[in-house]
Amino acid sequence: MILNLQNIFKDYQQDKLVVPVLKDVSLQVEEGEYVAIMGPSGSGKTTLMNIIGCLDRPTTGTYELAGESVLNLKDKELSFVRLNRIGFVFQSFQLMPRESALDNVSLPLSYAGIKKKERRERARKALERVGLGDRANFKPTQLSGGQKQRVAIARAMVNNPKILLADEPTGALDSKSGKQIMELFEKLNEEGVTIVMITHDVNIAKNAKRILHIIDGEISESGGEENKA
């Protein structure tokens, strides 16, 4: 099992009030699954994503990533987990505008201490994997929205993470580009990549093989296949 979250609660303090955001959330994701977590604004889905991505800690509960408990790890150890075990794809791409696609993709490898020659080789292969081998030297300003997101996906995959965590990955794209990104996710999943996607869009969620709904901080499940019908 790649993800195992049990009885997760997350509260925030506002002045003297305790505001509950996640309420007894349990979630298991097996290796190779493609899961969508769907919910409206304010449902708690971003908070859940931040906990899955080791960007935030729950108030109570347990979380194991690839069989290892991550909740007691120190900040430096969590940085290692984020760098090597989780690939992040964001709605806004978060690319460095003055760097080439190749340099953007190789950035996580430089943080990991990989030598320059191997960094560039692995980054080039990652770009080829997302269909952008011929755009390696292009800067983000020379790329379309869909191509920018492909670069971001290549960057997320370059360290061979255990899980690809995507937050509204088509939110900034037109429908055609969004469809191409969903086709790419399907291809990556067929290659064995575990994907957890956060979205508010039912049509995007239907691309996953399993759909979870989060409302008012509580999670429930419905099958992706029946949602495709």
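Biologist: How much space lies in the largest cavity? Please take me from there into the surroundings.

Modeller: About 50 Å³ of space lies in the largest cavity. Before going on, a word on what you're looking at: this is a predicted model, where local features need pLDDT of at least 70, side-chain atom pairs count only at pLDDT 80 or more, and totals for chains, interfaces and linings use all residues. Residues are numbered from 1 along each chain as its sequence is written, and side-chain values use heavy atoms, with hydrogens and water left out.

Back to the hole. On a 1 Å grid over the protein atoms alone, a cavity is a set of points where a 1.4 Å probe fits but cannot get out. The volume is the space filled by probe spheres set on those points, joined across faces, edges and corners. One cavity of 30 Å³ or more turns up. Around the largest cavity you'll find I51, C54, D56, R57, Y63, V70, L71 and L78 as its lining (an atom within 4 Å of a point).

Now for open space. The largest pocket (an open set with protein on both sides within 12 Å along at least five of seven lines) holds about 380 Å³. It has 17 lining residues, and R82, L83, I86, F88 and P108 sit closest to its centre. Helix 2 (75-84), strand 6 (86-89), helix 3 and helix 5 each give two or more residues to that lining. Helices (H or I, at least four residues) and strands (E, at least two) are DSSP runs, numbered from the N terminus. F88 is buried, and so is F90; buried means under 20% relative accessible area, exposed over 50%, and partly exposed in between (1.4 Å probe, protein chains only).

Follow strand 6 onward and you reach F93, which is in the loop between strand 6 and helix 3. F93 isn't a glycine, yet its phi is positive, about 70°. Its relative accessible area is 12%, so F93 counts as buried. N160, in the loop between helix 5 and strand 7, also has a positive phi, about 50°, without being a glycine. N160 is exposed, because its relative accessible area is 57%.

Helix 5 gives the most, with six. A core here is a set of buried Ala, Val, Leu, Ile, Met, Phe, Trp, Tyr and Cys residues joined through side-chain atoms within 4.5 Å. This core has 40 residues, and V105, L127, V151, I153, L164, F185 and M197 have the most contacts inside it. Take L164: beyond four places in sequence, its contacts (heavy atoms within 4.5 Å) include G87, V89, A156, F185 and V196. A second, separate core has 31 residues, and V70, V25, I52 and I198 are among them.

One last stop is helix 6, where E183 lies. E183 is partly exposed, because its relative accessible area is 43%. E183 and F80 are 103 residues apart in sequence, and 30 Å apart from C-alpha to C-alpha.
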